[in-house]
Amino acid sequence: QAELLSVDLTNANLYGANLTKADLSEAVLWGAKFENANLTDVVLDNAIVDRQDWIDYISGSLDLEGASDIEKKYRIKKQGKQQFILIRRK
């Protein structure tokens with residue numbers, strides 16, 4: 001349930017991190033490693049990621065806990081040449 005608003009997690013190693021109910025709104029997640037992390041009920045409003053397929057990557061390749069909820073709640077919007085932002089679905 002950590003409040004990590006606008007935190008810069010560029011290239012952070014979050015292996016096995018329990019981010020259940022964490023608020024990562026506007027966080028920079030460039031290159032962050034989420035293997036075996038728990039993202040249940042995480043808030044990712046306007047979080048910045050480095051790949052357009054980030055949601056597919058965390059749910060398919062990494063099969064993270066909570067990833068299916070992220071797929072339902074968020075979509076990716078291109079923000080720059082190599083920057084993407086997570087937008088809440090309506």
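**Charge and strands**

Modeller: Arg 75, Lys 77, Arg 89 and Lys 90 gather in a surface patch of positive charge. Lys and Arg count as positive, placed at NZ and CZ. The model is predicted, local features needing pLDDT of at least 70 and side-chain atom pairs 80 or more, while totals for chains, interfaces and linings use all residues. Residues are numbered from 1 along each chain, and side-chain values use heavy atoms, without hydrogens and water.

Colleague: What is the relative accessible area of Arg 89?

Modeller: Arg 89 lies in the segment after E3; strands are DSSP runs of at least two residues, numbered from the N terminus. Buried means under 20%, exposed over 50%, and partly exposed in between. Arg 89 is partly exposed because its relative accessible area is 45%.

Colleague: In which order do the 3 strands form the open sheet?

Modeller: Strands pair if DSSP finds at least two bridges between them. E2 (residues 74-78) pairs with E3 over 5 bridges, and 2 bridges join E1 (residues 48-49) to E3. The antiparallel order is E1-E3-E2.

Colleague: Which residue in E3 stands opposite Lys 78?

Modeller: A hairpin of 5 residues joins E2 to E3. In E3 (residues 84-88), 4 of the 5 residues are buried. Opposite Val 49 stands Phe 84, and opposite Lys 78 stands Phe 84.

Methods:
Buried < 20%, exposed > 50% of the residue type's maximum accessible area, 1.4 Å probe, protein only. Patch = residues over 30% accessible without salt bridge, like charges linked within 9 Å, V, L, I, M, F, W, Y side chains within 5 Å. Areas by Shrake-Rupley, 256 points an atom, 1.4 Å probe, with all protein chains shown as cover. Salt bridge = Lys/Arg side-chain N within 4 Å of Asp/Glu carboxyl O.
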